[in-house]
Every structure is written in C-alpha cells, then in structure tokens.
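Student: I would like to take a close look at a single part of this protein and follow it step by step. Could you go through it with me carefully?

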Amino acid sequence: MKIVGLDTLVFGVDNVTACRQYLLDYGLHEAGDGRFEALDGTAVVIAAADDPALPPARVPHCALRKTVMGVRDPAELEAIAAELAKDREVRRLPDGSIESVDDDGFLLGFQLTVRRPVTLAAEVINATGSPFQRPANQLGVDAAMPLPVRPRTLSHVVYFVPDPARSEAFYARLGFRVVDRFVGMGPFLQPAGTLDHHTHFFITAPEHVKGVEHFTFHFGGPTEVLLNGKHFVEKGYQSFWGPGRHQMGSNWFWYFKSPFGCNMEMDADMDLHDASWQAREWPIAADRSQVFLFAYREAWAPGPDAPPTDGSHA
C-alpha cells in the first residue's frame, strides 16, 4: 500500500474567525467551504465545532476530527479497504473515498490524492569549493518577497498517544515503516508512497492528553521559514519553539501556538530516505531534538549606538 502522505486535516474549532485569520496569515489560500490550501492542493479544513456536517468528536478535547491521506491508484484504495475490513468497519463515502478508525480512535480517510504538481525552484546557496548554484547577479534574497509566503504541501502530523507501539503496529499494516525512533517517546513513520522522513510521529502521553501535538506544511527553504515566521510574530502570534533545525529529519522548523488547541509548525528541507535507510534509535534529549535553536528578537542595524549582540542589553 503506497500512501503518498497527508491530503487534508479536518478540524472542528471553537472560533472559526480566529482560525480562518490564522491560516490566512500563515500563507494558506482560502478555497471556499472552510478549506485552506497549500500550493499543491493539500489543505486544512475548518468548521464550527458544533457543525452537524462534521464527523463527530471521537477524542475528548481534540479539535482534529479527521485525517485524510492520499493514494495515486484506485487499486491502492481497495487494498487499504481490504486490510482495514479484517477487523473494523470501513465506510465508503459518496465521493469515492473510504473512512475508518485507527487503534487510538482517530478518524481516518483515504482517497485518490488531491495533490497537483508544483514546479518551483528550491532555495539554493553558493559555497566555496562547490559549483555555484546561484549564478552571478541572481540575488539570494528578495526584500520585496510577498508575505505571507505560500507553503508548498502538507508535511506531517504529530499525535499524543498512550501506546506508540500499538499505533506503530496499526500503521505498519498500511505500509508505513519506522524511519527513526526516540526511545521512550515514539517512532517517526514514513508511508510507502513518499521519501519524506516522516508524515506521522507519535509521542507517548497519558490517555487524557491524547490528541494532536502539532501539524505543519513544507516551505521552499529556510529563508521562507524565517521570513514567514518573522511575519507571523509581527502579526502577534506566539512563538513556541524555534527557529531552529531538527536532527531527526534535518528539517528547519519554527513552531507557533494556534487556536486549534495544538501547535502549528513551519518547516523546510526535510531529509529523504529510501528502503536502504537504517532507522536510528536515540534517547530523547534536548541536544538530540535540534542541532541549533534561535530565539526571535527585533531587527537592528550596526552603528555606534547599537546595542550589544550578546543579549545582555535590556
């Protein structure tokens, strides 16, 4: 079964207005009917928590109502349906998608993917000793870049679950494999239809905490993450963690508090792994979680009256 990744996350929220503005400021495109899309068509969908059109809330205190994953081929969809039907109900919806529930109670959807091709250059660098990636007179930064930056695709979702081993076993039935693992915390899982380091990560937590820790979209490079994050802070949103760069996955990151009852990340430049990759197993520790971590501060310019740069000024 070759799931290509996340297509849509569906949320039932208490404040639709705040969530709508948050997603617009993040850089998603409002496509109608509560749908906010990245450049490739992957999306977040929001509706009022009491909207009868939403799937019912299954996990207490969790706004995520449904996680929809995409496949490329109808045969893959049938294979998923057959596997899940061995021990649970599988519903076929009028749009051709299927729906079921994982072992943690999260509602899952599977469909022919909505992803459309995106052809855009990635961020490139010039470095002494390597062939130049950016030719003479082509600028690396455009001060007039429109903000917010449009994210390219829905990247991954992270769940709090009481038994990550049980979660891992369920997703292995759907063709997911462990790419890396934080011992005592949980696995990073990659479906068979992508090379991305992970689309799912599970964190050990008590049953009453079960829910979503964060979700994120991929941007075109670290400059986009930093520029968009700076824009986000200046809009008044609260930075939670970052900016920095992870070790597991190598992705640049910046996390923010959100009105979805979980964090939302901006990320870029994730590692790609094929079947030859040997999963690492590391104990969770601060120096394993990131290779470096910054903190936002107001912009400044050097000059005779400039404050010191060591953080010692008031």
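Student: Is Ser100 buried or exposed, and what is its relative accessible area?

Tutor: Please keep in mind that this is a predicted model. Ser100 is found in strand β7, which covers residues 98–101, and Ser100 has a relative accessible area of 4%. Because buried means under 20% relative accessible area, Ser100 counts as buried. If we leave aside the neighbours within four places in sequence, Ser100 is in contact with Leu84, Arg88, Glu89, Val90, Phe106, Leu107 and Leu108.

For contrast, consider Glu281, which lies in strand β17, made up of residues 280–283. Its relative accessible area is 52%, and because exposed means over 50%, Glu281 is exposed. Not counting residues up to four places away in sequence, Glu281 touches Arg181 and Val183, and with Arg181 there is a polar contact of 3.3 Å between the two side chains. The C-alpha atoms of Glu281 and Gly184 are separated by 9.9 Å, although these two residues are 97 residues apart along the chain.

Terms used. Residues are numbered from 1 along each chain as its sequence is written. This is a predicted model: local features need pLDDT of at least 70, side-chain atom pairs count only at pLDDT 80 or more; totals for chains, interfaces and linings use all residues. Side-chain values use heavy atoms; hydrogens and water are left out. Helices (H or I, at least four residues) and strands (E, at least two) are DSSP runs, numbered from the N terminus. Buried means under 20% relative accessible area, exposed over 50%, partly exposed in between (1.4 Å probe, protein chains only). Contact means heavy atoms within 4.5 Å. A polar contact is a pair of N or O atoms within 3.5 Å; within protein, one must be able to donate a hydrogen and the other to accept it, and residues adjacent in sequence count only if both atoms are side-chain atoms.
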